[in-house]
Amino acid sequence: STQAETLEFQAEAQQLLQLMVHSIYSNKDVFLRELIANASDALDKLRLEAFRDKDLEVDTSDLHIAIEVDREQRTLTVRDNGIGMSRDDVVSLIGTIAKSGTGELLRKLKEASDAAANELIGQFGVGFYSTFMVADEVTLVTRRAGESTATRWSSTGQGTYTIETVEEAPQGTSVTLRLKPEDAEDHLHDYTDEWRIRHIVQRYSDFITWPIRMEVETRDGDGGTKREIQTINSMKALWARGKDEVGEDEYREFYKHLSHDWRDPLETVHVKAEGTFEYQALLFLPSHAPADLFARERTRGVHLYVKRVFIMDDCEALLPDYLRFVRGVVDAQDLSLNVSREILQQDRHISLMRRRLTKKVLSAVKDMRANDADRYRTFWTEFGQAVKEGLLSDPENRDALLDIASFASTHDPEQLTTLREYVERMKDGQNHIYYLTGASRQVVESSPHMEAFRAKGYEVLVLTDPIDEMWVDAVPEFDGKPLKSIARGEVDLDAEEGAEEAEGERDEQREEFAALLEWMTGELGEQVRQVRLSSRLTTSPACLVGEAGDLTPTMEKVYRAMGH
Ligand code: ADP
Ligand code: MG
């Protein structure tokens with residue numbers, strides 16, 4: 001082997017490692033899940049690459065994960081014959097944290113209590129570094145499929161690691177942990193105990209679709225014991241099983257495996273479609289929005305499998321963009337393993353599947369709203385802003401979306417309201433659903449446009465998300481009641497009340513103020529289209545209104561910023 005080089009971890013990686021070394025994270029068992037998850041990903045990648053690249057000379061006939069324990073040396077090894085890593089891969093993937101949000105995470109951790117820190121780390125996904133919770137030295141040997149030399153990496157988690165090129169190593173990756181001596185006497189953390197390992201694998205990794213093998217002690221025929229290699233996970237793809245065969249905790253663990261989220265999902269949607277185009281889907285609504293929900297380079301969370309074979313993650317063809325926070329797996333029976341993103345976008349079966357899955361998700365939210373107000377509120381607070389994009393982009397599901405949407409309103413500052421509830425509260429003779437958009441609740445509430453509405457007791461929806469400006473123009477009505485901005489065009493509250501006598505009064509006022517209006521029209525000239533008397537103000541002397549169909553001030557800003 002070549003001479004070993006000692007390199008420093010990237011600064012952020014060092015900080016995260018320190019947290020692991022001092023195991024501020026309470027559940028140490030998860031290190032095994034993280035190693036198995038990485039091994040499973042590596043096997044998925046190899047199978048796919050071997051399939052796509054016929055020139056890649058690899059043996060894919062016995063892909064598996066092996067766990068080996070040495071009680072004397074107190075080491076634990078997790079080995080896979082998956083894709084492996086090149087030397088550069090090791091430096092960039094293990095020596096640094098490429099994940100976005102690391103800096104922010106570390107900043108937050110500085111101020112967090114222990115419980116909150118636990119939560120934050122779990123959310124972030126501790127990955128490979130979690131091994132340093134239980135090991136005082138970690139050694140990784142890896143050879144990438146198709147390459148002839150291998151890499152050996154080793155670290156005690158104290159700021160540096162050593163790396164060297166080695167000639168001989170099986171393809172794939174092995175990670176060996178030298179377990180901390182202080183855990184030796186503590187049976188809950190004795191990771192050399194095969195029952196302990198079995199238990200952890202069954203708890204967290206049972207559904208991994210690759211065999212996880214370990215040598216265990218079993219009975220032989222003569223009442224004695226012998227040692228033999230066994231597969232210790234059931235390998236059953238959860239999504240392929242019937243709903244009543246899967247326990248809540250299995251769903252939860254699977255979700256955590258898939259999403260790298262520490263918290264339980266808010267809702268699970270399990271779909272099995274039979275018939276000409278057969279597929280299974282297991283979808284989850286998380287309980288928290290991801291940090292990149294509104295980032296340009298956002299990830300989507302649905303993985304595509306074909307007949308149990310992992311094909312791709314982040315599959316955008318399976319659900320509309322406004323449901324990009326949904327995590328899960330879709331397994332289709334009748335697609336080619338060679339299927340590409342482009343083909344998926346055009347496939348008729350996929351588009352039917354996408355429609356069905358969209359409806360399933362929306363109806364799950366609807367059920368949640370009907371049966372569990374707290375969970376629904378969490379959902380809407382976290383994801384409502386994204387879901388509302390669907391009001392613009394998905395006319396087919398507009399009614400379903402309007403049904404599950406809720407909005408702030410002047411009715412009760414503490415509560416969101418659905419449109420249905422708004423309509424039920426509408427005053428006699430009120431024909432419109434009123435709303436006002438603006439940058440914040442305070443801006444909207446203090447708008448002069450509000451005055452008359454408040455004075456006359458009309459409820460107004462308070463729409464403060466940027467997307468609100470856009471969908472309101474796409475949605476003409478709800479339940480036969482047109483949506484109407486109180487800042488645009490003529491809003492005639494007296495007519496709304498059907499008061500005829502008001503009409504005579506207004507004629508008088510028009511005469512009285514004719515000269516003033518004429519003068520103002522002259523003074524303001526080109527800057528305004530018209531100066532008119534208004535019934536919408538009570539205390540403010542004047543306000544600016546847009547024409548019906550005009551851009552709102554916020555949208556004007558948006559378009560100007562985009563260079564229009
Ligand atoms: P994550 O899995 O969330 O990306 P990890 O810290 O668990 O983060 O792993 C970092 C990266 O190291 C992985 O994304 C993968 O590219 C690489 N890696 C880790 N373990 C293996 C392995 N057994 N085989 C191949 N690559 C691996
Ligand atoms: Mg990982």
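Predicted model: local features only at pLDDT ≥ 70, side-chain atom pairs only at ≥ 80, totals over all residues.
- Strand S14, which spans residues 327-332, is mostly covered, since six of its six residues are buried.
- In a regular strand the side chains alternate between the two faces of the sheet.
- In S14, Arg327, Val329 and Asp331 point one way while Gly328, Val330 and Ala332 point the other way, and the residues of both sets are all buried.
- Strand S12, made up of residues 301-306, runs parallel to S14 and is joined to it by six bridges; Val306 has Ala332 of S14 as its bridge partner.
- Strand S11, made up of residues 279-285, is likewise joined to S14 by six bridges, but these two strands run antiparallel; here Leu283 has Gly328 of S14 as its bridge partner.

**Surroundings of ligand 1**

- Ligand 1 is surrounded by 16 residues, of which the closest are Asn38, Ala42, Gly127, Phe128 and Thr173.
- The elements that give two or more residues to this shell are helix H2, covering residues 30-52, and helix H3, covering residues 87-94.
- Helix H2 supplies the largest share of the shell around ligand 1, with four residues.

Technical notes. Residues numbered from 1 in each chain as written. Chains lettered and ligands numbered in written order. Near = placed C-beta within 6 Å. Buried ≥ 20, exposed ≤ 12 C-beta atoms within 10 Å, placed from the backbone. Pairing = 2+ DSSP bridges.
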